[in-house]
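Work through the exercises below with the sequence and the 3D view side by side. Try each task before reading its solution.

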Amino acid sequence: MPCPALPEGFDATDPDLLHDRVPFPEFAQLRQTAPVWWCPQRRGITGFDDEGYWAVTRHADVKYVSTHPELFSSTTNTAIIRFNEHIQREQIDAQRLIMLNMDPPEHTRVRQIVQRGFTPRAIRGLEAALRDRAGKIVAKALTASRDGSFDFVTEVACELPLQAIAELIGVPQEDRLRIFDWSNKMIAYDDPEYAITEEVGSNAAMELIGYAMNLSAARKECPAKDIVTQLVAAEDQGNLGSDEFGFFVLLLAVAGNETTRNAISHGMHAFLTHPEEWERYKATRPATTAEEIVRWATPVVSFQRTATQDTELGGQKIKAGDRVGLFYSSANHDPEVFTDPDRFDITRDPNPHLGFGGGGPHFCLGKSLAIMEIDLIFNALADSLPDLRLAAPGPRRLRAAWLNGIKELRVTHP
């Protein structure tokens with residue numbers, strides 16, 4: 001179905017577009033007139049040998065696709081909706097080893113093992129250490145700033161997710177910046193500022209996987225009381241092999257680092273551009289805050305699935321092999337689900353956002369950890385830096401095809 005209100009050549013996976021903004025007005029038009037819309041693309045431009053994908057923009061439809069893996073596969077073309085056009089097909093296929101890109105039953109097997117590290121008890125066990133770390137991160141930012149200003153992304157937002165991953169899997173804290181560097185290289189291939197090629201990104205992924213495999217081997221040799229030992233110490237008892245653990249850590253580096261970092265960065269920007277909400281947060285600290293920050297930020301703009309058979313969605317006939325884009329940023333602003341969705345409201349309740357996925361087998365395992373991190377860092381900020389202000393007109397955004405990323409957010413304090 002055509003959508004005449006869209007600009008010529010509109011494509012919500014265009015890195016140049018997402019470098020400037022998330023296309024909320026266009027998403028609104030699509031939800032109203034063509035909620036399942038064919039987006040044509042030049043063959044090969046995204047790394048896939050096809051001529052486009054179906055853009056799914058309504059909350060209900062995104063949930064439907066997410067909860068029907070038998071109809072919509074994560075494995076066929078992976079969950080990443082757009083690669084660099086120079087990527088080779090075998091490089092795409094290699095990513096099927098990552099849990100994000102698996103379908104049941106293989107996904108079910110790996111997830112059942114990995115979720116041992118994300119039990120409520122395991123997450124609660126991290127809380128005291130992460131609260132202390134959050135306080136130290138904010139205190140360090142305060143003392144490290146020049147003339148009262150600093151980059152919130154590098155000094156605050158990136159630190160707690162990295163330290164949480166290090167705490168969770170037993171990575172020495174001094175190695176956390178290596179994870180930061182590797183993860184940046186893996187996802188920043190569309191941003192010319194970083195001058196990162198597919199080869200550099202692939203090499204970073206291999207270095208991270210190798211690091212994790214060495215960590216796995218060390219725990220098999222000398223078990224410890226940590227998640228790594230739980231996941232890898234006895235492969236014949238249903239644990240992860242060294243290579244599987246390597247790919248799990250790679251997923252953590254992006255899913256547990258990049259996404260939470262960007263949620264925190266967007267959350268701070270939202271507070272500073274909605275000062276009444278910052279005042280309300282400082283005064284009342286509502287428990288609903290972190291969920292609204294994730295809805296507002298929606299760090300992953302979109303993932304994709306591939307139809308396993310001919311089917312129908314939103315009145316459109318989808319053929320087997322067609323790619324289907326799930327636009328979480330659009331779903332999280334669907335007025336059919338959210339009252340006044342374009343308002344940042346830290347007391348929003350209920351808040352059935354899809355910032356952690358649309359349900360189904362790929363619902364984010366680390367949701368409770370991410371929510372904890374967001375709560376802890378903003379409590380620390382409200383306690384120690386209550387008078388933060390923007391030091392520049394707005395954030396510098398990442399040029400990316402599927403991430404709502406912030407590279408720099410300059411802030412200042414009295």
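Two strands pair if DSSP finds at least two bridges between them, and helices (H or I, at least four residues) and strands (E, at least two) are DSSP runs numbered from the N terminus. The model is predicted, so local features need pLDDT of at least 70 and side-chain atom pairs count only at pLDDT 80 or more, while totals for chains, interfaces and linings use all residues. Residues are numbered from 1 along each chain as its sequence is written, and side-chain values use heavy atoms, with hydrogens and water left out.

**Exercise 1. Find which strands join strand E8 (residues 323-327), and decide how enclosed E8 is.**

Step 1. Begin with strand E2 (residues 52-56), which is joined to E8 by three bridges and runs parallel to it; here Ala-55 has Gly-325 of E8 as its bridge partner.

Step 2. Turn to strand E5 (residues 302-307), which is joined to E8 by five bridges in the antiparallel sense; Gln-304 also has Gly-325 as its bridge partner in E8. Strands of a sheet pair through backbone hydrogen bonds, either parallel or antiparallel.

Step 3. Check burial, where buried means under 20% relative accessible area, exposed over 50% and partly exposed in between, with a 1.4 Å probe and protein chains only. Because five of the five residues are buried, E8 is largely enclosed by the rest of the structure.

**Exercise 2. Describe the surroundings of Val-62.**

Step 1. Val-62 belongs to helix H3 (residues 59-66) and is buried, with a relative accessible area of 0%.

Step 2. Contact means heavy atoms within 4.5 Å. Leaving aside neighbours within four places in sequence, Val-62 is in contact with Val-56, Leu-326, Phe-327, Tyr-328, Ala-331 and Leu-354.

**Exercise 3. Work out the order of the strands in the open sheet that contains E4, E12 and E9.**

Step 1. The sheet has three strands in the order E4-E12-E9, with antiparallel pairing. Its edge strands are strand E4 (149-151) and strand E9 (389-390), each of which pairs on one side only.

Step 2. Three bridges link E4 to strand E12 (residues 410-412) in the antiparallel sense, and Phe-150 has Val-411 as its bridge partner in E12.

**Exercise 4. Locate the buried residues of helix H5 (residues 106-114) and explain how they are arranged.**

Step 1. An α-helix has 3.6 residues a turn, so residues three or four places apart point the same way.

Step 2. Among the elements that cover the buried residues of H5 are helix H11 (227-232) and H12.

**Exercise 5. Trace the largest nonpolar core and the aromatic pairs.**

Step 1. A nonpolar core is a set of buried Ala, Val, Leu, Ile, Met, Phe, Trp, Tyr and Cys residues joined through side-chain atoms within 4.5 Å. The largest one has 129 residues, and those with the most contacts inside it are Phe-152, Phe-245, Met-268, Ile-377, Phe-378 and Leu-381. Its largest share, 15 residues, comes from helix H12 (residues 242-273).

Step 2. Not counting residues up to four places away in sequence, Met-268 touches Phe-152, Trp-278, Phe-378, Leu-381, Leu-388 and Leu-409.

Step 3. Rings of Phe, Tyr and Trp (its six-membered ring) pair if their centres lie within 6.5 Å, and planes under 30 degrees apart count as stacked, over 60 as edge-to-face and the rest as tilted. A search of the whole structure finds 15 aromatic pairs. One of them is the tilted pair of Trp-182 and Tyr-211, at 5.7 Å centre to centre with 55 degrees between the planes. Trp-182 lies in helix H9 (residues 176-187) and Tyr-211 in helix H10 (residues 198-221), so the pair ties together parts that are 29 residues apart in sequence.

Step 4. Phe-271 and Trp-278 form another tilted pair, at 4.9 Å centre to centre and 50 degrees between the planes, and both residues are buried. Phe-271, Trp-278, Tyr-281, Trp-296, Phe-344 and Phe-378 form one aromatic cluster.

Methods
The arc is that of the directions from the helix axis to the C-beta atoms.
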